Amino acid sequence: MSGPANSPFGANDWLVDELYQQFLEDKQSVDPAWWDFFAGYSPSEYSPHASATKSTAPVAPVSQPATSPAAPATTSQVNESSAPNVKPAPASLADDVIEKLKGTSARVVTNMEASLEIPTATSVRAVPAKLMVDNRIVINNHLARGRGGKVSFTHIIGFAIVRAMREMPDMNVSYTTVDDKPAIARHQHVGLGLAIDLAKEDGSRQLLVPCIKAADTMDFAAFWAGYEDVIRKARSGKLAVEDFQGTTASLTNPGTIGTVHSVPRLMPGQGVIIGVGAMDYPAEWQGASDVALAKNAVSKIMTFTSTYDHRVIQGAQSGDFLRRIHQLLLGADGFYDDIFRALQIPYEPIRWAQDLATSHDADLDKTARVQEMIHAFRVRGHLLADIDPLEYHQRSHPDLDIANHAMTLWDLDREFATGGFGGQPFAKLRDILGTLRDAYCRTIGIEYMHLQDPEQRKWIQDRLERRHDKVDRDEQLRILRKLNEAEAFESFLQTKYVGQKRFSLEGGESAIPFVDQILIEAAKDQLDEVCIGMPHRGRLNVLANIAGKGYGRIFNEFEGNYGEESVQGSGDVKYHLGTKGTYKAAG
């Protein structure tokens, strides 16, 4: 098959031609990663650059025969009565400016005409987005408290597409020819092309389709990183030759600009392209209030299209492929569990479930169950706390699962009476759960409900059961500074006094900024004195970085110079010594 089918770049051919033209004009203007490729590159017959080269080739002059002066003049006359009645062109059309398409625009024409050679068909399926929305909120809230970053809907959808293709290898194929006979190419790995629409400096738009290679071998964390790397390269103009090769299927997301339904063009060399429409409520519900939407369990939906090469993929396969994506986005076969595990989120994802029938009595029952759930988190929330710094665990407990309280994901956006929890008489279940998890299930486990005094329990609850507020930048820098001081102190002792008996604070350096914050609050409250009782472990670090004992004195004591008033001992005398000083809070 001739034409673009022979090109390894597919929809990106226009970019290759444009870069090649720049390479010919100024080699330095092109990324060095392309130099070796362009050194032996020649535009193909269908390339606009090649066409332009042909059009500018010199043409040999051809002599024209002289007109005979004896030719009768009547031969050039036209019978006016037989001439058609030609009307003058309207002024609006006569004023139009016609421009020849060249470069990128011409390449788009070539690609689109090539796509007409492919007999395609399209399957369509609407998928509820409720579960994906709720789990994405949990994921991004966890990332915001830790390493940062944000997972988009397209990350999750792309991962579902790759997983569905891995389970259905008959969708990861393309049409080709062998000795001019029809053939099918069965790809061993999924190369997912991402359709990226970028604005150029002149205001025009350009479409790039770089590829995530071997996407089927990646877990979600690796897929997320690969996706972001491709996007970053595209926006910075750093895409290289290999980034455009190896695409076996493509994902386009016109829903980002509000398009509900799309039937994209399929390029030669690929078997299927998946289009994702806008996420919105069904048209008949778009005038409903948020309360009505939550009460009636109405989900936003997304429309998926699978445009496939009918020569190698049949309609039933394409429909089953979309059905599998539908199932995965509803959490089938641990789809969200795998995502949570790859990102090391220590909680179970939200599960898909049908809404329970509601009535007045059922609403009262759910209010009681919300109170029951609040009590369960206060008593057993510490069992979900992420307090193991060495090993990842995905924790769960039946009493802390909303499903065991006869509630589902459809209740998350419904309001319930709280009995004053969090200082509010009514709150959405989503906000109640967020507050409970922030208070009891993060990186500190708190168990206090055994206390007999209700005032003491209330005192703790008032200070714990609040929304998580991220500390400002100055406070983060103060914490980092104290952690660095603690780490540097222990590293110096480890290096300088090899073999000496030490009770290091290694692994517990966070105690230093913690104690420092206690002293800051004590100074603000004008306390006269703070007395710190310390074990051996970390004692010297607290003396140096909290109490202000000089490094010189500590190092002298490490060398055995304890002073005349000190009693010599077994080598840990320095961990029996203390100091006193004046603490001054910053500001």
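Which loop holds D333? D333 sits in the loop between α10 (315-329) and α11 (335-342); helices here are DSSP runs (H or I, at least four residues), numbered from the N terminus.

A quick word on the model. It is a predicted one, where local features need pLDDT of at least 70, side-chain atom pairs count only at pLDDT 80 or more, and totals for chains, interfaces and linings use all residues. Residues are numbered from 1 along each chain as its sequence is written, and side-chain values use heavy atoms, with hydrogens and water left out.

Back to the loops. Most residues other than glycine have a negative phi. D333 has a positive phi, near 55 degrees. Q344, in the loop between α11 and α12 (360-380), also isn't a glycine, and its phi is positive at about 55 degrees.

Now for accessibility, where buried means under 20% relative accessible area, exposed over 50%, and partly exposed in between (1.4 Å probe, protein chains only):

| Residue | Relative accessible area | Class |
|---|---|---|
| D333 | 55% | exposed |
| I532 | 40% | partly exposed |
| E509 | 14% | buried |

E509 is in the loop between α15 (473-496) and α16 (511-524). Neighbours within four places in sequence aside, E509 touches L483, A486 and E487, contact being heavy atoms within 4.5 Å.

I532 lies in the loop between α16 and α17 (539-545). Together with L527 and V530, I532 makes a nonpolar surface patch of about 250 Å². Such patches take residues with over 30% relative accessible area and no salt bridge, with nonpolar side chains (Val, Leu, Ile, Met, Phe, Trp, Tyr) joined within 5 Å and like charges within 9 Å. A salt bridge puts a side-chain nitrogen of Lys or Arg within 4 Å of a carboxyl oxygen of Asp or Glu. The areas come from the Shrake-Rupley method with a 1.4 Å probe; for residues, only the protein chains shown count as cover.

Technical notes. Helices (H or I, at least four residues) and strands (E, at least two) are DSSP runs, numbered from the N terminus.
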